[in-house]
Protein chains: 2
Amino acid sequence: MTKPFDAAASIDKLLDVAAGLFRRKGFAATTVREIANAAGMLPGSLHYRYASKEALLVSLMERAIGRLTESVREAVASTRDPAERLRLALRAHLRVLLSDDDAVYVMLYDWRAVSNDTAREAIVRMRDTYEAFWDGLIYEAAGSGQIRPRIDLKLLRLFGFGAINWVAQWYEDHAGGRSPEQIADAFWAFMALGVFAEDRRPADEDGAFVALGGAAPPLEPVRR
Amino acid sequence: MTKPFDAAASIDKLLDVAAGLFRRKGFAATTVREIANAAGMLPGSLHYRYASKEALLVSLMERAIGRLTESVREAVASTRDPAERLRLALRAHLRVLLSDDDAVYVMLYDWRAVSNDTAREAIVRMRDTYEAFWDGLIYEAAGSGQIRPRIDLKLLRLFGFGAINWVAQWYEDHAGGRSPEQIADAFWAFMALGVFAEDRRPADEDGAFVALGGAAPPLEPVRR
DNA sequence: GCGTAGCTTGGTCGCGTGACCAAACCCTTT
DNA sequence: AAAGGGTTTGGTCACGCGACCAAGCTACGC
């Protein structure tokens with residue numbers, strides 16, 4: 001029996017290089033030979049660890065969600081202020097997304113590649129749990145009165161995820177030296193205060209909000 | 001010589017079904033046989049129109065950018081108010097993204113698949129032009145004083161694109177009967193006014209904006 | 001220092017792929 | 001009615017893919 005440390009490290013290396021290749025070329029366009037080669041092993045050795053290329057992908061995605069969840073939970077634990085918890089969660093999510101580990105990127109964008117139904121459902125369930133955690137954070141902020149009434153909280157999460165997850169598309173080219181934290185904070189400020197100039201806002205802001213197209217839906221309770 | 005109308009229609013059909021397949025399965029995982037079959041022709045006939053699968057993809061993406069550009073330009077022409085132009089542009093972009101035509105989706109998300117450098121650069125150039133047009137719209141709104149001073153306009157565009165382009169990921173499952181226009185307007189309202197409750201905002205909002213992480217960069221001039 | 005579980009080696013196998021083409025087949029123009 | 005270009009047909013071809021495995025090789029526990 002080889003040292004367990006080595007085995008774990010070797011699996012980690014494998015997932016790391018696979019994530020990098022999947023991100024750069026896409027899952028379908030990456031061959032197992034490439035992955036094995038980049039990880040410094042022969043294809044047969046890869047096969048020994050993962051029965052199929054797709055099994056490796058699933059493993060990769062599970063790791064991605066695990067790291068996201070862990071990182072966000074940890075970030076959020078340091079305060080009880082709902083708005084601050086949201087801001088810290090945003091930072092943590094973006095930090096993991098933009099880290100050296102490409103697994104989160106792959107999970108977000110190479111999504112359709114998982115053809116096995118069981119595996120797919122397992123990942124969807126993990127994603128749902130993660131998103132429900134976010135809904136909980138948002139719902140708490142709304143419940144404590146920090147969010148404008150009649151805001152559609154589900155839309156808020158979806159827009160937030162979109163803006164933040166999209167950062168991975170442009171960060172390398174357009175970050176301009178900004179850290180993930182700075183970008184998260186900037187988005188936070190945009191979303192929290194809005195970008196309209198003060199003297200151009202409609203006077204009655206709630207009415208104006210609806211007039212501008214703001215959603216006024218029934219507040220669905222959020223499971224946590 | 002066959003009627004030109006038929007030829008054009010046949011190309012359109014081809015691009016349509018290819019876009020659908022690329023969106024559902026990804027470019028690399030879709031075979032030319034599948035595309036040809038779905039378009040009601042034999043692989044050889046497809047080859048007659050496009051020398052390679054990638055040439056078809058490039059054609060698809062060019063059409064996507066063309067439709068986006070056309071739609072947004074048209075939408076914006078109806079008013080001179082910069083803020084309103086932005087809102088209408090947002091609507092138009094989202095409308096095309098969520099339309100039956102999957103080409104825009106493919107362009108946004110199956111991006112890495114174009115390996116040919118020349119073709120890739122051509123598409124990048126078209127994308128840049130489109131984004132520069134958006135920067136122009138945003139810059140005008142800022143210039144007319146409708147946007148809070150010291151907002152990083154480039155970040156604003158990037159966040160906006162992220163939130164809106166991400167809608168394609170969830171629209172089918174979570175739209176809840178909302179039209180693309182309603183969703184665009186909701187995002188517009190979020191971004192314009194912010195989601196913080198009035199009585200929870202910091203008093204001096206510009207100072208608070210920076211304190212909350214809002215960017216305060218030099219305003220780069222935007223080419224149009 | 002032996003046994004054996006854990007892992008690697010160096011290959012094979014059959015399949016589906018993208019690309020390609022010569023011949024047949026229209027349909028329009030003359 | 002003949003010509004001829006645009007288009008389709010039905011097939012071929014070489015290649016690289018994912019999967020797989022029997023045999024060999026450690027190195028650790030005993």
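Modeller: Happy to! Let's begin with A:Glu84 and A:Arg87, which form a salt bridge with their closest N and O atoms 2.7 Å apart. The term stands for a side-chain nitrogen of Lys or Arg within 4 Å of a carboxyl oxygen of Asp or Glu. This is a predicted model, where local features need pLDDT of at least 70 and side-chain atom pairs count only at pLDDT 80 or more, while totals for chains, interfaces and linings use all residues. Residues are numbered from 1 along each chain as written, chains are lettered from A in the order written, and side-chain values use heavy atoms, without hydrogens or water.

Both partners sit in helix H5 (residues 82-97) of chain A, three residues apart, so about one helical turn separates them. Helices here are DSSP runs (H or I, at least four residues), numbered from the N terminus. A:Arg87 is buried at 15% relative accessible area, whereas A:Glu84 is partly exposed at 26%. Buried means under 20%, exposed over 50%, and partly exposed in between (1.4 Å probe, protein chains only).

Now for a pair that crosses between chains: A:Asp152 and B:Arg178 meet at 2.4 Å, N to O. A:Asp152 lies in the loop between H7 and H8 of chain A, and B:Arg178 in the loop between H8 and H9 of chain B. Both are buried.

Within chain B, B:Arg157 and B:Glu131 pair at 3.5 Å. B:Arg157 belongs to H8 and B:Glu131 to H7, so this bridge ties together parts 26 residues apart in sequence.

Notes:
Helices (H or I, at least four residues) and strands (E, at least two) are DSSP runs, numbered from the N terminus.
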